[in-house]
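Let's take a walk through this chain together, starting with the overall picture and then stopping at a few places in detail. Have your viewer ready.

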Amino acid sequence: MVSLWSFGVLLPVLLTVVGGTNLLTSFEIRHGYIYPASVTVAEGEVMHLRLLVPMQEGDRCLYREPGSPTDVDVNGIVEAEERPHRKTLRFGDAECSIRVNPVHQRDGGFWRLTLVRGTERIRGVTMVDVIEKPSVPEMGIGSGGSGAAVSSLDEISPERTEYCFVHRQSTTSEGTNSVPMYERCHLPLSETDPTGAGVWSVIAGVQGQMREMTYGIHIENKEEQIVSTVHKESDYHVLSCNLRYTKLMLKFCRFVRLADGLGLNVIPGIGTPRYGYIGAGFERNECGLEILGPEGLDKGTWKCLLGYGDETLTKVSGAILDNSDIIPPLAIIRQEEIVLAQNESMTTLLCNANKPIDYCWFRGPHGQFYSLSESLTAERNEGNYWYSGISLAMGECSITFAHILDTEHAGQWHCYVGNGHVSALEVYATFQVHISRSQMIASHDLIEASLDFPALLGCDSIPRGTPLQYCRFITPTGQAFSLNENITTDRPVLGRFYSNPNHNLAKGSCALVIAS
């Protein structure tokens with residue numbers, strides 16, 4: 001028993017030894033002139049084998065099938081009685097040759113042709129690989145397949161394609177100037193036909209058969225999208241976000257639990273005792289989060305965020321996934337009650353929902369109406385305001401003003417979101433926008449205090465959280481003093497004033513407590 005490499009596969013082959021001679025290593029066989037030396041043929045097709053040595057009068061032509069110890073004279077074949085469903089014939093008189101019609105799976109293996117000329121023998125061995133009959137892809141129209149529409153990025157090639165032509169059905173078949181595609185069929189897209197939508201004809205030459213395959217395909221213009229799913233078992237849940245209909249490849253994947261903001265950098269091969277990656281890999285644009293023993297906040301709303309692109313481009317998109325036991329109603333989540341802004345600065349107002357939304361809009365303090373969509377960009381709206389969320393499908397509704405103004409935008413705002421698939425009713429939230437002409441703003445413009453009770457005064461930096469170097473207050477009588485973490489209830493200034501221990505300068509907060 002030895003092993004031979006054939007077609008990239010290590011095949012164990014039992015060598016036949018006749019008269020002490022190895023048929024694969026003898027001088028005669030190795031110097032035979034059989035053609036082809038190997039052949040891949042589809043079941044049901046016709047196979048031709050021949051020795052490239054001219055025959056002379058009196059020569060005999062013998063063949064031997066795989067696994068057989070006997071040479072058979074090509075001119076002495078009994079066809080109908082021995083093999084009623086098969087014909088093995090000699091073709092042509094110039095050479096020692098046979099035609100096998102049709103080919104069956106049992107014909108796979110080594111075939112031998114022998115030219116007998118007196119006492120001389122000229123032999124050749126051909127390796128025959130019999131494959132299944134090629135079939136038209138399932139999307140093929142009129143081929144027995146479903147004929148369903150596919151995108152321009154889907155595979156349209158038959159298996160084992162050697163060459164291919166693809167053209168519009170409204171045009172003639174490939175002309176003399178057409179260049180065939182090698183090993184794979186693809187749409188010949190262009191600047192004037194970027195999507196390839198419509199019906200196309202495919203002509204493919206495939207390995208193992210002479211007849212070309214011809215079928216039609218219906219291309220549908222499918223936009224790049226994220227397909228999200230939730231799968232639940234008793235002891236684990238799987239949340240999946242898969243990128244479809246794009247040539248770009250996944251670069252990163254993030255899942256966020258909206259209830260508490262827990263973020264997970266989901267990476268193949270890395271996880272925690274309860275969370276891990278599941279999917280076919282970033283190479284196939286699949287990202288899934290497996291949750292083992294889901295409990296508590298796990299059974300709520302999650303958001304996936306996918307980054308994808310190439311060497312020069314990175315895009316971000318995502319989806320909302322509801323992992324709740326009970327489907328929650330559409331709601332606005334994590335809404336800030338007070339938004340702080342500096343006059344004439346760029347400012348973003350947020351209004352995010354717990355489900356995908358179809359639309360959203362804002363109403364300003366003076367009745368202004370701001371309708372938003374993903375197509376509303378800074379360039380298209382002359383830079384006044386624009387949609388600044390990732391996508392409505394992620395439940396994100398946000399508006400960015402290039403220059404927010406205290407005369408127009410300070411006061412109470414309303415935001416509204418809607419999803420017709422969930423509810424016919426909109427949901428809304430209200431919030432206050434405070435605008436200052438400096439980088440500091442009072443937490444409240446008016447403080448109501450009661451006698452014999454402490455009073456709290458505070459200011460915050462803009463943007464919120466910007467560290468402060470110092471904090472200073474002036475009393476109504478004109479007396480000024482500064483505050484820091486060392487001014488406490490035990491060491492007040494002027495016996496009455498001390499810092500709020502829950503606020504500090506490093507977080508951009510300056511807060512004063514007036515003792516009773």
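**A guided tour of the chain**

Among contacts between residues at least 6 apart in sequence, 58% join residues at least 24 apart. Keep in mind that this is a predicted model. Its secondary structure comes to two helices and 39 strands. Of the 516 residues, 40% count as buried, and the accessible surface is about 29400 Å², with 51% of it belonging to carbon and sulfur atoms.

Let's begin with a loop. Asp-59 is found between strand S7 (47–54) and strand S8 (60–64). Is this residue buried or exposed? Asp-59 counts as buried, because its relative accessibility is 13%, under the 20% cut-off. What does its side chain meet there? One of its polar atoms lies 2.7 Å from the backbone nitrogen of Gln-56, and a polar contact of 2.9 Å joins it to the side chain of Arg-117. Leaving aside neighbours within four places in sequence, the contacts of Asp-59 include Leu-115 and Val-116.

The structure holds seven disulfides. One of them joins Cys-61 to Cys-96, with an S to S distance of 1.9 Å. This pair links distant parts of the chain, since Cys-61 sits in strand S8 and Cys-96 in strand S11 (residues 95–101), 35 residues apart. Both cysteines are buried, and the link is right-handed, with 75° about the S-S bond.

Another disulfide is formed by Cys-351 and Cys-415, whose sulfur atoms are 2.0 Å apart. Cys-351 lies in the loop between strand S27 (347–350) and strand S28 (359–363), while Cys-415 belongs to strand S32 (residues 411–419), so the bond ties together parts 64 residues apart in sequence.

Our last stop is strand S36 (residues 471–474). In a regular strand, side chains alternate between the two faces of the sheet. S36 pairs with strand S37 (residues 480–483) in the antiparallel sense over four bridges, and Phe-473 stands opposite Phe-481 in S37. Five residues lie between the two strands of this hairpin, where Gly-478 takes a positive phi near 95°.

Cys-471 also forms a disulfide with Cys-510, the sulfur atoms being 1.5 Å apart. Cys-510 is in strand S39 (residues 509–514), so the pair ties together parts 39 residues apart in sequence. Cys-459, by contrast, is in no disulfide; its nearest cysteine sulfur, that of Cys-510, is 5.8 Å away. With 23% relative accessibility, Cys-459 counts as partly exposed.

Definitions and conventions:
Residues are numbered from 1 along each chain as its sequence is written. This is a predicted model: local features need pLDDT of at least 70, side-chain atom pairs count only at pLDDT 80 or more; totals for chains, interfaces and linings use all residues. Side-chain values use heavy atoms; hydrogens and water are left out. Two strands pair if DSSP finds at least two bridges between them. Buried means under 20% relative accessible area, exposed over 50%, partly exposed in between (1.4 Å probe, protein chains only). Contact means heavy atoms within 4.5 Å. Accessible areas come from the Shrake-Rupley method with a 1.4 Å probe; for residues, only the protein chains shown count as cover. A polar contact is a pair of N or O atoms within 3.5 Å; within protein, one must be able to donate a hydrogen and the other to accept it, and residues adjacent in sequence count only if both atoms are side-chain atoms. A disulfide is a pair of cysteine sulfur atoms within 2.5 Å.
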